[in-house]
Amino acid sequence: MLKDLNLYGQIALVLVIIGGICWGLVGLFNMHLVTGILGNMLGRLVYIVVGVAAGYLCYLIYIEKTKKV
């Protein structure tokens, strides 16, 4: 499926991977990397964009699973 992703899918995948690493840092070390670097307001915007990217990937997976052969 990864090789079938368009540009938006590839960008969404990178954002979700970065978001997962950031949440891992929060869980392990209570270190909020994004808000520490970008500040509270811009950091929230980044988290929203990562959430939208995750939703888009879920949509792509749903479409792939419901395709008729």
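Residues are numbered from 1 along each chain as its sequence is written, and side-chain values use heavy atoms, with hydrogens and water left out. Because the model is predicted, local features need a pLDDT of at least 70 and side-chain atom pairs count only at pLDDT 80 or more, whereas totals for chains, interfaces and linings use all residues.

Helices and strands are DSSP runs numbered from the N terminus (helices H or I, at least four residues; strands E, at least two). Helix H1 (7–29) has 23 residues and reaches 33 Å from its first C-alpha to its last, close to the 33 Å expected at 1.5 Å a residue. The expected span of a helix is 1.5 Å times one less than its number of residues. Helix H3 (residues 40–66) has 27 residues, and its span of 39 Å between the first and last C-alpha is close to the 39 Å expected at 1.5 Å a residue. Helix H2 covers residues 33–38.

Burial was assigned from relative accessible area: buried means under 20%, exposed over 50%, and partly exposed in between (1.4 Å probe, protein chains only). In H1, the buried residues are Gly9, Ala12, Gly19, Cys22, Leu25 and Val26. These buried residues of H1 pack against H2 and H3, where contact means heavy atoms within 4.5 Å. In H3, burial is assigned to Gly43, Val50, Ala53, Leu57 and Leu60, and the cover over the buried residues of H3 includes H1 and H2. An α-helix has 3.6 residues a turn, so residues three or four places apart point the same way.

A nonpolar core is a set of buried Ala, Val, Leu, Ile, Met, Phe, Trp, Tyr and Cys residues joined through side-chain atoms within 4.5 Å. The largest such core has 5 residues, namely Leu5, Ala12, Ala53, Leu57 and Leu60. Helix H3 supplies the largest share of this core, 3 residues. Leucine 60 and leucine 5 are 55 residues apart in sequence, and their C-alpha atoms are 8.8 Å apart in space.

Valine 26 lies in helix H1. With a relative accessibility of 14%, valine 26 therefore counts as buried. When residues up to four places away in sequence are not counted, valine 26 touches Met31 and His32. The C-alpha atoms of valine 26 and tyrosine 62 are separated by 29 Å, the two residues being 36 residues apart along the chain.

On the surface, a nonpolar patch is formed by Leu28, Phe29, Met31, Leu33, Ile37, Leu38, Leu42, Leu45 and Val49, with about 870 Å² of accessible area together. H1, H2 and H3 are the elements that give two or more residues to the nonpolar patch. Patches are made of residues with over 30% relative accessible area and no salt bridge; like charges are joined within 9 Å, and nonpolar side chains (Val, Leu, Ile, Met, Phe, Trp, Tyr) within 5 Å. Accessible areas come from the Shrake-Rupley method with a 1.4 Å probe, and for residues only the protein chains shown count as cover. Leucine 42, found in helix H3, is partly exposed at 43% relative accessibility.

Asparagine 30 is placed in the loop between H1 and H2. Although it is not a glycine, asparagine 30 has a positive phi of about 55°. Most residues other than glycine have a negative phi. Asparagine 30 is exposed, with a relative accessible area of 59%. Leucine 42 and asparagine 30 are 12 residues apart in sequence and 19 Å apart in space, C-alpha to C-alpha.

A salt bridge is a side-chain nitrogen of Lys or Arg within 4 Å of a carboxyl oxygen of Asp or Glu. By this rule the count is 1 salt bridge. Glutamate 64 forms a salt bridge with lysine 67, and the closest N and O atoms are 3.6 Å apart. Glutamate 64 is partly exposed, with a relative accessible area of 38%, whereas lysine 67 counts as exposed at 52%. Lysine 67 lies in the segment after H3. Between the C-alpha atoms of lysine 67 and leucine 28, 39 residues apart along the chain, the separation is 39 Å.
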